[in-house]
Structure formats: structure tokens, C-alpha cells
Amino acid sequence: MKHATNVTNATKRVPRLFRTAWLCICLCTYLSACVVGPDYERPVTELPEFWHVDLDYKSNDPNSLADQSWLDIFRDPQLRELINIALSNNREMLLALERIEEARSLYTVNRAPLFPTIDVELTGEREDESALTTDDPELSDELFLGPTSVWELDLCCKNLLTARSAYARYRSEEYVAQAVRLQLMADVSAAYFSLAGVVARLATNYDTLTSRERSLIIAEKRFKGGLTSKLEVKQAEVELAASRAFIPRAEQEQLALENLLAILLGEVPKHFTLESKLEEQYVPTAVTAGLSADLLERRPDIMQAEQQLIASSEAVGIATARLLPNITLTGGLGFQTEEFDDFFDDEGEYWIAQLDIAMPLFNAGARRAQLSAAQARFNQTRLRYEQVVLQALREVSDSLNQFYKSGELLQAQLSLESAAAEYLSLATKRYRNGVLAYLQVLDAQRQLFDAQIAVSIAREAQLRALVGLYKALGGGWEPASLAASR
């Protein structure tokens with residue numbers, strides 16, 4: 001009957017232990033509701049109703065250029081392939097993704113104190129007493145097996161605020177990666193369009209070079225025939241030399257752009273053969289920038305700055321919580337015996353519970369200073385956030401104006417090119433009829449060449465402006481995808 005009594009007593013002790021643990025859990029949950037520190041609110045930023053641009057452009061259309069997929073903007077198959085390669089291989093992109101993994105792991109680490117730590121402990125000890133210290137020395141064993149747990153009662157949600165701060169930093173790294181992704185797409189596209197522009201200008205120059213070589217031959221024949229003076233020969237030589245001097249500069253620029261493009265792709269420098277011409281690239285006739293408030297939810301750099309602001313706000317709460325008592329609950333439950341055969345005997349049950357309360361008394365103002373420093377860091381982060389928003393507004397305004405003005409400039413240059421071509425045609429006809437001197441034909445050739453080069457530069461500028469506007473608006477990614485994955 002003694003064994004049955006032991007079992008009954010042990011059965012009574014175990015529910016009492018669970019009731020005590022349950023009361024501690026309820027107490028911890030109640031105390032955890034007492035969150036200290038400021039409640040985060042997004043700073044109020046004055047946003048313009050209309051974009052400040054140097055043209056008659058006012059639109060309340062909520063459908064922004066940024067709402068379109070990058071596949072709808074960059075339609076060149078080769079460019080699409082290059083962008084995909086860059087997104088997979090670019091080292092800065094891969095580095096940003098690794099920083100996300102690090103931040104995610106750190107968030108898990110900082111969230112862990114919200115839960116009790118539970119370990120299984122197995123200890124064994126054998127002691128042989130000294131005959132010099134006792135009259136009856138014994139050889140004794142002591143064994144313990146059971147779980148041990150430590151749980152900090154989060155009195156003012158210090159651990160919860162720490163986890164929130166770590167989560168904000170984790171989300172911040174996600175937005176950093178999206179900003180890197182957007183910048184990478186813009187850099188690849190801009191480098192591709194610049195390379196296409198250089199190739200187009202080289203092709204124009206090679207055609208002009210052939211034409212000027214023929215002009216020099218004609219001028220030399222006419223001079224030898226006594227029909228013209230030496231002046232026309234020298235003028236033809238000058239124009240030919242100018243065309244030849246253009247080639248090394250353009251080839252140097254082409255090589256530099258190819259190297260830049262290769263590095264963006266995460267590859268060694270190499271030559272690129274473009275499959276499309278500059279004038280074949282897609283450019284929308286008109287775009288809208290949508291509402292300025294959309295930038296707060298669209299631009300990854302703004303969203304990253306806000307996550308940093310949230311982390312700073314939680315840090316103020318953490319510093320406030322450090323001014324209050326810290327309560328830690330430690331417990332253990334298991335079996336303890338001196339004989340291995342009695343390891344699981346009911347009378348061998350063992351438990352311990354310990355409550356530690358640490359109240360800060362004196363630290364020479366260090367904790368108050370930590371709170372003051374956290375508040376100052378929050379103010380700094382808020383100012384940085386506001387600056388990022390202002391900078392984004394400026395970039396959109398500049399990019400929008402640049403896109404439309406580059407389109408106007410391209411139309412003007414196309415008109416100039418058409419006029420220069422007509423001028424050359426008329427000058428050639430009048431020269432053949434003996435009305436004009438050959439110098440005027442050479443001048444017309446030079447003006448047409450300059451106009452063609454200017455058209456190429458204007459086309460490239462328009463494409464780069466489109467890329468800049470798309471980037472400034474935060475296009476090329478879907479913000480809702482991050483929220484949906486959480």
C-alpha cells in the first residue's frame with residue numbers, strides 16, 4: 001500500500017505543478033500587454049497635388065507608368081534576356097539576397113526570447129567520501145533526468161519590441177533588395193540603350209566616311225583638271241579627317257559600355273552584338289506619373305526608409321523598458337535519485353521553480369541616457385525618411401520633364417535631319433548644274449552628318465529618360481507581392 005500512496009501523492013503534485021505553470025503563463029501574457037514606448041505612426045509629409053514639371057501636364061489618372069510590368073516597357077527580346085541574366089547573376093543582387101537571409105535569421109534569434117527555452121538535462125555524479133572527514137565514508141551516486149526551462153516574463157514587452165525591431169530591419173533588407181533590383185534593371189537598360197546609340201553613331205560615321213572619301217577623290221580630280229582651287233581639296237581633307245577622328249572616340253565608348261554591361265550581368269568583359277537598332281526600340285507616346293501619394297507605397301527606397309523608422313521607434317520602447325523591472329522564471333522538472341534502479345520511481349520526482357526580479361536602482365544615468373539616445377536616433381531616422389520622400393518627388397518631377405522634353409528634342413532633331421537631307425540634295429543638284437561651288441556641297445554633307453548624330457543622341461536620351469522615369473516611379477516590381485508572402 002505504501003507504493004500506491006506514493007503514486008497518489010505524485011499524481012496530486014503534478015497537477016499542482018501544471019496549475020502553477022499555467023498561472024505563470026497567464027501572468028506573463030497579462031503583463032506582456034503593457035507595451036511601453038511610442039506607438040508608431042507614419043510621418044505626415046506634404047505631397048503636391050500635381051507634379052511640378054516644365055510643361056502643360058496635369059493628370060489625376062491613378063494609372064501610373066509604374067503599374068506596368070517591365071516586360072511591357074522593355075520589349076526588346078535581347079534586352080529582356082540581358083535583364084533576366086543580370087537579375088540572376090549580378091553580384092550586388094546576390095549580395096542583397098544574402099543580406100535578406102541574414103536579417104531573417106536575426107529576426108528569428110530576436111523573436112526566440114518571447115518563448116520559454118526548454119532543454120532536456122541528464123546529469124550523473126558519483127562521490128567517494130574521504131575517510132579523513134567522516135567516520136563512515138560512502139560511495140554515492142546522484143542522477144537527474146528531466147526538462148529545464150527558462151522564461152523571462154516580458155513585463156513591458158521589451159522582448160516583443162526587440163522582435164518587432166528585428167522584423168522591421170528584416171523587411172528593410174527586403175526593400176533594399178527590391179531597390180537594388182530596380183536599379184539593376186535601370187542600369188542594364190540604360191547601358192544597353194547607350195551601347196545601341198554608340199553603334200548607331202558609328203554606323204552613321206562609317207557611311208559618312210565613305211561619302212567623304214568619294215568627295216575627296218572628286219575634289220582632287222577637279223583640281224587636277226583646273227576646274228577648282230586647292231581650297232576645295234583641303235576642305236574635303238578636313239571633313240574626311242574629322243570623320244576619321246570620330247571613330248576612335250566612339251569605339252572607346254563602345255568598349256567601355258560593353259564592359260559595363262558585362263559587369264552588370266555578372267560576367268567577364270566581352271563583346272555584344274546588338275540585334276535591334278536604336279530606332280526600333282519601343283517608346284510610349286505619352287505616360288502618366290499617377291498620384292504623388294503612390295510613391296509612399298511604390299518606391300522601395302521610401303518603404304525601406306520607413307521600415308528603418310519603425311525599427312527606431314521600437315528601439316525607443318526597448319530603451320524605455322530597460323528602466324523597469326526584469327522578471328525571469330526558471331524551472332526544472334524530472335527525476336532525481338541516488339540509485340539507477342529507482343530512476344523512475346514515483347518518489348524520485350523532482351521539480352524546482354525560481355522567480356528572479358531585478359529592479360534597476362543606480363547606473364549613473366546610463367539607462368536614461370540610452371533612452372535619450374534612442375529618441376535622438378528616431379528623430380534622425382524620421383528626418384532621413386522625409387528627405388528620401390522629398391528626393392523621390394524631385395526625381396519624378398525631373399524625370400517626367402526630361403522624358404517629355406527629350407521627345408520634343410527628338411522631333412526637332414528629326415526635322416533638322418530632314419531639312420539637312422533636302423539641303424544636301426539641292427546643293428548636289430545645283431553643284432552639278434554649275435550653280436554652286438563644291439564647298440557648299442561639303443558644308444551640306446557636314447550639316448547632315450551632324451544632324452544624324454544629333455538624332456541618334458536624342459533617341460538615346462529619350463530611351464534613357466524613359467528608363468529614369470520608370471525607375472523614379474518605382475516600376476518593375478509589385479509591392480503587394482511582399483505583403484502577400486508574409
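Helices α6 and α10 are roughly parallel to each other in this predicted model. The assignment follows from their packing angle of about 15°, because angles under 35 degrees count as roughly parallel. Their axes lie 9 Å apart, with α6 spanning residues 230–264 and α10 spanning residues 438–472. The crossing of α6 past α10 is left-handed.

On the α6 side, the contact is formed by L231, E232, Q235, A236, E239 and F246, and these meet Y438, L439, L442, R446 and I453 of α10. Classified by residue type, the contact of α6 with α10 comprises seven nonpolar residues, three charged residues and one polar residue. An α-helix has 3.6 residues a turn, so residues three or four places apart point the same way.

Helix α10 contains 35 residues, and the distance from its first C-alpha to its last is 51 Å, close to the 51 Å expected at 1.5 Å a residue. After α10 comes G474, which has a positive phi near 80°.

The loop between α6 and α7 (295–298) includes L265. With a relative accessibility of 1%, L265 counts as buried, since the limit for this class is under 20% relative accessible area. Residues touched by L265, leaving aside those up to four places away in sequence, are L82, I85, A86, N89, N90 and F272. The C-alpha atom of L265 is also separated by 8.8 Å from that of N84, although the two residues are 181 residues apart along the chain.

Technical notes. Residues are numbered from 1 along each chain as its sequence is written. This is a predicted model: local features need pLDDT of at least 70, side-chain atom pairs count only at pLDDT 80 or more; totals for chains, interfaces and linings use all residues. Side-chain values use heavy atoms; hydrogens and water are left out. Axes are lines fitted to C-alpha atoms, for helices over the stretch in contact, and angles run from 0 to 180 degrees between N-to-C directions. Helices (H or I, at least four residues) and strands (E, at least two) are DSSP runs, numbered from the N terminus. Angles under 35 degrees count as roughly parallel, over 145 as roughly antiparallel, 65 to 115 as roughly perpendicular and the rest as oblique. A crossing is left-handed if the near helix is turned anticlockwise from the far one by less than a right angle, and right-handed if clockwise. Contact means heavy atoms within 4.5 Å. Ala, Val, Leu, Ile, Met, Phe, Trp, Tyr, Cys and Pro count as nonpolar, Asp, Glu, Lys and Arg as charged, and the others, Gly among them, as polar. The expected span of a helix is 1.5 Å times one less than its number of residues. Buried means under 20% relative accessible area, exposed over 50%, partly exposed in between (1.4 Å probe, protein chains only).
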